[in-house]
Structures are given as structure tokens and as C-alpha cells.
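Work through these exercises with the sequence and the 3D view open. Try each task before you read its solution.

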Amino acid sequence: MEVRERLYTVDELWEMLCQPGGDDIGYELINGELFEMPPTNSVHSWLAPEVSFFIRAYSKPRNLGFTLSEGGFSPPGDRTTLLSPDVAFVARERMPIPFPKPFFPFMPDLAVEVMSPSSAWAELRRKAAIFLAHGTRLVWIINPMLRRAEVLRAGEDGEIIRYMVGMDGALSGEDVLPGFTLAMSELLPPESANF
């Protein structure tokens, strides 16, 4: 499907997706600019559900909230930005029931991005900054090729605090998923998997 070079709204994107063949490729919007999201590679398509599984296995029995994959999230009141994290978590008390349609008109509490070979740190950090500026409390960018993850959150002064977690460390749910930890060694297979 040809993408016209102009600015779009969330509603126009939804209309595009409803056209025949419109949902063959995913899209995101940043300030009205349309970004095509090509199909993911094999490692990415395996890793994102793994992360989702661990979060859901922890949060569901504790009734903490909802684990989602590739859902569209738009900042409140902003109809020109729509991001679709690989995995998201929304606290139970923040999720309207029934779910809003077609997209979530708020940002998740936790956004997880799995880095693909075609991704760049700058691109994913830009998305993380948008998430954090609009209510997301925690972002994980997982890089399976480098076998590490970057954790980002907004500081009290609005600046982004970030740090790396290597194979000997663990991702923490911090105040979003209290008590949750996910060892990187448990998440990523041994180096012999040859990412």
C-alpha cells in the first residue's frame, strides 16, 4: 500500500488499516508522520512473546493488570502520535473496561521494545522519550544481539534516567510491577543460539 507524504491523525491511520490490505504492514505515528513497521525477524518474533509470558505469569495471579502485545497507544489528547510497543503492561486501575476502541488513548505503565537488526538505538530512545513524556513509568529496550537491555524512566526533574542490564543482571519491575525480576540469562538463550 502506498503511503502518501503528509501528516496523519490516529483516526486516518485507523481508516487506512480498515482498507483491504491495509493491515498487512504495521504503522506508527509520531507527530503526524507515518512510519512503516516491517515484519519482525525470527529472533524478535520469538523474544517479544517470551517477555510477555514472564510479565503475564507474574501479574495475572496477583491481579496487577494487563499484558498486551503490539497494541496502539496514543498520548491523551494527542491525535497525531500512536506507538505500538512490542509488549506493554497497563496497571489494573488504569485500564478502562471494556477496552477502548480502536486504540488505547493513553500510554502504558511499562513499554518494552525488542531491538531488531534494522533498529537503531536513537530511534528506540526517541520512542522511549515519547512514552515517558506522556505517562509511561518504565521502558525496556532489549537488544538480543548485544545480549543486554537498556532501562529508561523519567526522573523527578523530567530528565530521562537510563542504565544498562547485561547478561549477569536482571530486569526489575520497579514500582510498575513490584517484586518482579527477570534474569537476562533466563530470558536470552545461550550465546550458542547465535543471534
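Predicted model: local features only at pLDDT ≥ 70, side-chain atom pairs only at ≥ 80, totals over all residues.

**Exercise 1. Length of a helix**

Task: Find what span helix H2 (residues 42-59) should have, and compare it with the distance between its end C-alpha atoms.

Solution: 
- Step 1. H2 has 18 residues.

**Exercise 2. The sides of two helices**

Task: Decide which residues of H2 are buried, which are exposed, and which residues of H1 are buried.

Solution: 
- Step 1. Use the cut-offs: buried is under 20% relative accessible area, exposed is over 50%.
- Step 2. In H2, the buried residues are Val43, His44, Leu47, Ala48, Val51, Ser52, Phe54, Ile55, Tyr58 and Ser59.
- Step 3. The spacing makes sense: an α-helix has 3.6 residues a turn, so residues three or four places apart point the same way.
- Step 4. Ser42 and Phe53 lie on the other side of H2 and are exposed.
- Step 5. The cover over the buried residues of H2 includes strands S3 (65-68), S4 (87-91), S5 (110-114), S6 (138-143) and S10 (181-183), and also helix H4 (184-187).
- Step 6. Turn to H1, where Val10, Leu13 and Met16 are buried.
- Step 7. The buried residues of H1 fall within an arc of 115°, so they line one face of the helix.
- Step 8. Their cover includes S1 and S2.

**Exercise 3. The largest pocket**

Task: Describe the volume and the lining of the largest pocket.

Solution: 
- Step 1. The largest pocket holds about 920 Å³ of space.
- Step 2. It is lined by 37 residues, and closest to its centre are Gly26, Tyr27, Met37, Pro38 and Ser84.
- Step 3. Helix H1 (10-18), strand S1 (26-30), strand S2 (33-37), H2, S5 and helix H3 (121-133) each give the lining at least two residues.
- Step 4. Sorted by class, the lining has 15 nonpolar, 12 polar and 10 charged residues.

**Exercise 4. One glycine**

Task: Where is Gly169, and is Gly169 buried, partly exposed or exposed?

Solution: 
- Step 1. Gly169 sits in the loop between strand S8 (160-165) and strand S9 (170-172).
- Step 2. Its relative accessible area is 23%, so Gly169 is partly exposed.
- Step 3. Beyond neighbours within four places in sequence, Gly169 is in contact with Ala183 and Met184.

Conventions: Residues numbered from 1 in each chain as written. Heavy atoms only, no water. Helix = DSSP H or I, 4+ residues; strand = E, 2+ residues; numbered from the N terminus. Expected span 1.5 Å × (residues − 1). Buried < 20%, exposed > 50% of the residue type's maximum accessible area, 1.4 Å probe, protein only. Contact = heavy atoms within 4.5 Å. 1 Å grid on protein atoms, 1.4 Å probe; cavity = no way out; pocket = protein on both sides within 12 Å on 5 of 7 lines; lining within 4 Å. Points joined across faces, edges and corners; volume = space filled by probe spheres on them. Nonpolar A, V, L, I, M, F, W, Y, C, P; charged D, E, K, R; others polar. Arc of directions from axis to C-beta.
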